[in-house]
Amino acid sequence: MWSLPDINRLNEEAVKNATKLNKAVKTGYLDGIRIKCDWCDKPAEYTYPWYDVFSDVPKGIIGLCEEHDQYFGNPSEGFFTCDDCGKTFITNYTWENYYTFTDDGDQLCLNCYFDREISRKDNWITSAEDVTWKRVKASRHLIPVGGKHWNEHLEFIGNVEFDNLSGEKVTGFSSTSTKEDGLDDLRDLVEKALLSHKKCILILDARYQCTVSIGVYVKK
Ligand SMILES: [Zn+2]
Ligand SMILES: [Zn+2]
């Protein structure tokens with residue numbers, strides 16, 4: 001079973017390493033050793049610093065030779081390049097992928113996707129009556145487990161977890177909860193949000209192996 005790495009520790013280590021990695025991308029040498037292709041032993045002709053969606057510091061370097069550059073992916077297997085910010089990201093640490101494809105075919109990191117979607121007026125709801133199953137199913141995956149980017153813009157009101165396939169609300173092993181229970185809970189959260197704010201947004205804020213979490217958020 002995979003679990004989410006300790007994001008905070010990972011980031012502390014990355015900050016310490018960032019200068020070294022940035023230099024290595026420029027020089028082609030890391031700790032005095034020529035960076036090699038990740039797929040063969042040839043010297044890397046192309047180097048890419050890679051990031052995760054949890055911070056702005058690079059976590060490592062991808063080295064690729066002429067032949068393997070962009071051969072197994074963009075630029076390599078297990079990584080993607082965001083069409084909005086242009087940075088290279090690791091695709092996932094757990095079950096949750098850190099990218100999405102938009103309707104126009106762009107591949108975006110979840111942080112850029114978040115920025116795009118919260119700026120769209122039709123994603124915001126102004127009444128608990130707007131909380132339908134169709135709406136819930138359409139809520140976008142904009143926040144990864146452990147993500148922090150959203151926190152600069154939104155405030156979390158509460159969330160409900162649903163079974164990925166059936167849509168039934170997840171409460172425990174002997175659960176008899178239905179989809180309707182989950183919807184009612186979400187409507188209550190929306191009502192709570194609308195007491196102090198004009199509008200709120202439903203966001204798929206975690207994807208686990210079998211469940212998804214739908215959170216209610218308001219603007220800060
Ligand atoms: Zn190679
Ligand atoms: Zn991006």
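Let's start with the aromatic pairs: this predicted model holds 13 of them. Rings of Phe, Tyr and Trp (its six-membered ring) pair if their centres lie within 6.5 Å; planes under 30 degrees apart count as stacked, over 60 as edge-to-face and the rest as tilted.

Select Trp50 and Phe79. Their rings form a tilted pair, 5.5 Å centre to centre with 55° between the planes. Trp50 sits in strand β3 and Phe79 in strand β5, 29 residues apart; strands are DSSP runs of E with at least two residues, helices are runs of H or I with at least four, and both are numbered from the N terminus. Both Trp50 and Phe79 are buried (buried is under 20% relative accessible area, exposed over 50%, partly exposed in between, with a 1.4 Å probe and protein chains only).

Next, pick Phe54 and Tyr93. This pair is stacked: 6.3 Å centre to centre, 10° between the planes. Phe54 lies in the loop between β3 and β4 and Tyr93 in the loop between β6 (88-90) and β7 (99-101), so the pair ties together parts that are 39 residues apart in sequence. Phe54 is buried at 6% relative accessibility, and Tyr93 is buried at 15%.

Now show Tyr51, Phe80, Phe89, Tyr99 and Phe101, which ring pairs link into a cluster.

Time for the metals. Which residues coordinate the zinc ion (ligand 1)? Click on Cys37 (SG), Cys40 (SG), Cys65 (SG) and His68 (ND1), at 2.1 to 2.3 Å. Donors are N, O and S atoms within 2.8 Å of the metal (3.2 Å for Na, K and Ca); water is not among the atoms, so sites may look incomplete. The donor spacing along the chain is C-x2-C-x24-C-x2-H. Cys37 is buried at 5%, and His68 at 9%.

Hop over to the zinc ion (ligand 2), held by Cys82 (SG), Cys85 (SG), Cys109 (SG) and Cys112 (SG) at 2.3 to 2.4 Å. Here the spacing reads C-x2-C-x23-C-x2-C. Cys82 is buried at 2%, whereas Cys85 is partly exposed at 33%.

Some notes for your viewer: residues count from 1 along each chain as its sequence is written, while chains are lettered from A and ligands numbered from 1 in the order written. Local features need pLDDT of at least 70, side-chain atom pairs count only at pLDDT 80 or more, totals for chains, interfaces and linings use all residues, and side-chain values use heavy atoms, leaving out hydrogens and water.
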